[in-house]
Amino acid sequence: MSRYEKLTHSRRDRLAGLVRTVFSSNRSRFYRDYYCARGVDPDTLVSSVDFERLPVLTREELRRAPLNVRRYNETGRSVVKVIRSGGTPFLMQRGLSDIAKDSYGLRPCERPLVFCSDSDTTLEISLWCYEQNILPLAGEPNNLSSTAHFAAQYGIDALITEPRLLTPFLSQLSKHYSLQRIQQTVLVDAWPGAGRDNEWPLLSVPPTRILYLPETGPFAENCLQRAARGTLVFHPHRFSVVEICDGNLVLTKLSDLPTPLIRYDTELTAEWADAVCVCGEDSLRLCA
Amino acid sequence: MMNTIMMNKDDLRPISMKALEYLRKDSNRKHYFLRTSSGTTGAAPLLTARHRRYLMAAIYEGSEAMVLFFGPMSTRLSSIGNFLFWEKTLPHARMMVVTADDLTDELDRLVGEFRADALAGFPSFIIRALLFMRDPVVLGRIKKLILSGEALNATHRAVISEKVPHARVVCYYASGETGTVATQLCSLLAPNAYHPVHNVTVEIAEPDGDGIGDILLTVPFSPEVKMERYRIGDVGRILPDACPCGDPMTLEVLGRRNFDFIKLAGGIIRQEIFDRAVGLFSDLVADYRGEVGEHVVGNRVIGKVVLHVVLADSAVPAAERTRIQALLEVRLSEHIFLTPTRTLATLVRSGHFAPLSVKVVEAFPPQYKHVKVRKVDTFSS
């Protein structure tokens, strides 16, 4: 049984509804043209969505199509992110209402520090904090000593950053702030090889790991139960449908995005973990 | 009688977070933001919490697609919140942040796809961006430039006039620790004149005969906490007559006092760097004065430094003066650090600055009496 077939009926219905919506949209022809150019029969698609046979969307296709061509709807006030990694930059749009639905595995906190090497990532996560009624401090990844100074002044109780920034930052912060006051740490990243690091000597509590790409936002979270046993596997988020096609992680976001992502090839190599996770969720691991 | 108590940056520290106490009355975190100030003035960096007053609302009004050109993350985030959280912002308003890495030939395409109708940020950053933008359709959509952080100079005005002559230019006067304190919404104001915003009190400390003195600001951090008579570090005066628009208060900002840095070509230049470099040649140079400025070359803003020096030995013959001048132009360049890691010589090689010019003089012009390094629109001959 494929992963798609394992989805609940409601999720399969939502996927089908998403595909029909973008296919029949008067506002954008991006997916319609993409599918038709690759041999998908439009009449067949409208009547019966064969999701797993839909062409996988590549990063290059996103890059090639201007934002207004890929925009299917207006979702209120939004931010447009410049996706700078991996070549020619391109734009992705996210509404505040959509950002609010993201998940970062963060338990209730009052004073988080957010800083990532990509400024749009920092801003997006900071806006997510605001949508959860949390007041974030946005830090500077190129100035860890100042960021540590401000973090101490604010009295942070949570930290959202990237693995490569964590240890050098905590080394700075520990000079004038007790790391015990940081109740939780969330690490976002999804670079190839991500998730292999699993030792954080400066932290008293292991961090939560979130799989994140600038063009997708967060889409999976590590299993804390398995992490306690030293195993790093990830569960897809509620609004994310993950497939693994030819070893690549393919992602569909179910939320109402201005620029929908359907069967997007993240170019991350991954595999499903052998057994059902102890918590009952499907779990995947990233590969080298 | 004027209250003589004045606050400086160190006096802000005990109250910098007190705005958060207002959460017991207004628990909506979107109404608050945190701002960091960089410490370029010599004081330690400061983090302040503030309750939004949406003072930029009148400036942002009518804009739907705004591109931000600020460097500090806290400035970016607070600006995004001021725009997107304000109830009267257009329902489908959107914002995009440009970084220095985006200043390439791709910028036209990105700003065009975004369909920007307003650019907001530091003048030098926006000017550098405009120099990369050539598409008349993209430039034609830009209806507003919202500028703060440095005074517009002749180079800035020339680029704006060429690239976006139809855009309304709105400047506002703000700092990291005070937020917005005055704006130029009124079209009748001179370039360095502003009307204070609601709830901000402006005073001039110890004005001289021309009414010029240190600018003092009383600004609320929240409805319950305010900085009182804060010395922002700028010098100015309050114009005696009401503005023709009817506003009774106009503040004229004349520059920094006692601070030794200049923002130039996107960077920051410190007088102490020149002091140290020239000090290495104290056997040759008795004193110096510096002029720094910028001009446009192609699609870049290039910095320029001119040093006027008085020689230690005023009796040297002309040929020797010429030799010393040439020597100083080369050697000083190698010791003037314009960034923590790059010298003027490095920046000349990379094309960010013109070669250093040294002029041997007998005496300095009167206007240089008290100011060792100054930013100029036009270099003196």
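## A buried histidine, a cavity and a pocket

In this predicted model, the side chains of His308(B) and Glu291(B) make a polar contact at 3.5 Å (a pair of N or O atoms within 3.5 Å; within protein, one must be able to donate a hydrogen and the other to accept it, and residues adjacent in sequence count only if both atoms are side-chain atoms). His308(B) sits in strand β17 of chain B, residues 300-311, and is buried, with a relative accessible area of 4% (buried means under 20%, with a 1.4 Å probe and protein chains only).

Now to the spaces. The whole structure holds four cavities of 30 Å³ or more. On a 1 Å grid over the protein atoms alone, a cavity is a set of points where a 1.4 Å probe fits but cannot get out, while a pocket is an open set with protein on both sides within 12 Å along at least five of seven lines; lining residues have an atom within 4 Å of a point.

| Space | Volume | Largest share of lining |
|---|---|---|
| Largest cavity | about 80 Å³ | α8(A), four residues |
| Second largest pocket | about 310 Å³ | β10(A), three residues |

Both chains line the largest cavity, with Asp120(A) and Met95(B) among the residues. Its lining has eight nonpolar, no polar and three charged residues.

For the second largest pocket, the closest to the centre of its 15 lining residues are Leu7(A), Arg11(A), Pro236(A), Glu281(A) and Asp282(A).

Residues are numbered from 1 along each chain as its sequence is written, and chains are lettered from A in the order in which they are written. Local features need pLDDT of at least 70, side-chain atom pairs count only at pLDDT 80 or more, and totals for chains, interfaces and linings use all residues, while side-chain values use heavy atoms, without hydrogens and water.

Notes: Helices (H or I, at least four residues) and strands (E, at least two) are DSSP runs, numbered from the N terminus. Buried means under 20% relative accessible area, exposed over 50%, partly exposed in between (1.4 Å probe, protein chains only). Grid points are joined across faces, edges and corners, and a volume is the space filled by probe spheres set on the points. Ala, Val, Leu, Ile, Met, Phe, Trp, Tyr, Cys and Pro count as nonpolar, Asp, Glu, Lys and Arg as charged, and the others, Gly among them, as polar.
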